[in-house]
Amino acid sequence: MQNSRNPKTQSLKIEGIKDIIAVASGKGGVGKSTTAVNLAVSLAKRCQLKVGLLDADIYGPSIPLMMHLKGKPELSNGDALTTFIFISADRKMIPIESYGVKCISIGSLVDEREAIVWRGPMVMKALEQLTRGVDWGILDVLVIDMPPGTGDTQISISQRLQLSGGLIVSTPQDVALLDARRGVKMFSKVNVPILGILENMSYFKCPKCNESSYIFGQGGARKTAEEMNLKFLGEIPLEVEIRSGSDEGVPIVMSKPDSVISQVYGNVAEKV
Ligand code: ADP
């Protein structure tokens, strides 16, 4: 992995973590979490790195489901975790390990209905705990599944954590690409290097006739990447097994490691 850490970011390093990569999208539902999960597992399994995965999508955490996380994290001093907001330096959360990746998600900690009403400052406090209140140990890379969009929370995360780079996920659809451009601008504004754009839901290959249908348009993300002078990281098709794997907590890079799709995720992991 290249160490492209940004020297200009005025933020604090998390001890023991070499690189932090944020997976972002301009809008929700484009496959950001799916990408974060498959990237994290590829980095762990294929690249043999020590990997963490932080679900920063406070209002819609999907990592517990996608990574099959059960129960609550334990505390480093052996206490049971009751509330996570008041964890001190000597009582850190121990991430839940799945597929060789150390995972932390708000979804494992509080009821979704509780977090959904949190306002900005509370969200930032929670994110502070989810990053610095965690005993990550030594990590080569921490993958962050960012909240969708490009608002204050996303900017604060990008500023406060010393991000090595941001990866943008988009569908080929014009409206998603417009939002992806905003994501690129957001990272640029806070001097975070962009690792590239990954296109998700690029096409659907009919299992009967093998023909590809470009449901959301064709080649949009590649064109946008070229226009913005960014790396195009590849195309992930619409695939039933990606969806079912997410719902069952088995990422496609685990269930079908030799598939073309897993190769694309693997290439992304090697490139970033
Ligand atoms: P986001 O994090 O951008 O909101 P998710 O990764 O949660 O998006 O994906 C939204 C839904 O779409 C999930 O149910 C996921 O399984 C499904 N999905 C994502 N990418 C694909 C794909 N390439 N093919 C099929 N289903 C997908």
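Colour the chain by secondary structure: ten helices and eleven strands make up this predicted model. Next, display the C-alpha atoms alone. Along the principal axes, these atoms fill a box of roughly 55 × 40 × 35 Å. Among contacts with a separation of 6 or more, 79% join residues 24 or more positions apart in the chain.

**First stop: the ligand**

Select the ligand and the residues around it. How many residues surround the ligand? The shell has 18 residues, and the closest are Gly 31, Lys 32, Ser 33, Thr 34 and Ser 246. To see where the shell comes from, highlight helix H1 (32–45), strand E9 (194–205), strand E11 (232–238) and helix H8 (240–248); these are the elements that give two or more residues to the shell. Colouring the shell by residue class shows six nonpolar, nine polar and three charged residues.

**Second stop: helices H4 and H5**

Select residues 120–132, helix H4, together with residues 152–160, helix H5. At what angle do the axes of H4 and H5 cross? The axes cross at roughly 30 degrees and come within 10 Å. The crossing of H4 and H5 is right-handed. Now show the side chains at the contact: H4 supplies Gly 120, Val 123, Met 124 and Leu 127, while H5 supplies Asp 152, Thr 153, Ser 156 and Ile 157. By class, the contact of H4 with H5 has four nonpolar residues, three polar residues and one charged residue.

Is Thr 224 buried or exposed? Thr 224 is buried, because 23 other C-beta atoms lie within 10 Å, and the cut-off for a buried residue is 20 or more. Finally, draw a distance line between the C-alpha atoms of Thr 224 and Leu 178. The separation is 9.1 Å, although Thr 224 and Leu 178 are 46 residues apart along the chain.

Notes. Residues are numbered from 1 along each chain as its sequence is written. This is a predicted model: local features need pLDDT of at least 70, side-chain atom pairs count only at pLDDT 80 or more; totals for chains, interfaces and linings use all residues. Axes are lines fitted to C-alpha atoms, for helices over the stretch in contact, and angles run from 0 to 180 degrees between N-to-C directions. Helices (H or I, at least four residues) and strands (E, at least two) are DSSP runs, numbered from the N terminus. A crossing is left-handed if the near helix is turned anticlockwise from the far one by less than a right angle, and right-handed if clockwise. Two residues are in contact if their C-beta atoms, placed from the backbone, lie within 7 Å. Ala, Val, Leu, Ile, Met, Phe, Trp, Tyr, Cys and Pro count as nonpolar, Asp, Glu, Lys and Arg as charged, and the others, Gly among them, as polar. A residue is near a molecule or strand if its C-beta atom, placed from the backbone, lies within 6 Å of it. A residue is buried if 20 or more other C-beta atoms lie within 10 Å of its own, exposed if 12 or fewer, and partly exposed in between; C-beta atoms are placed from the backbone.
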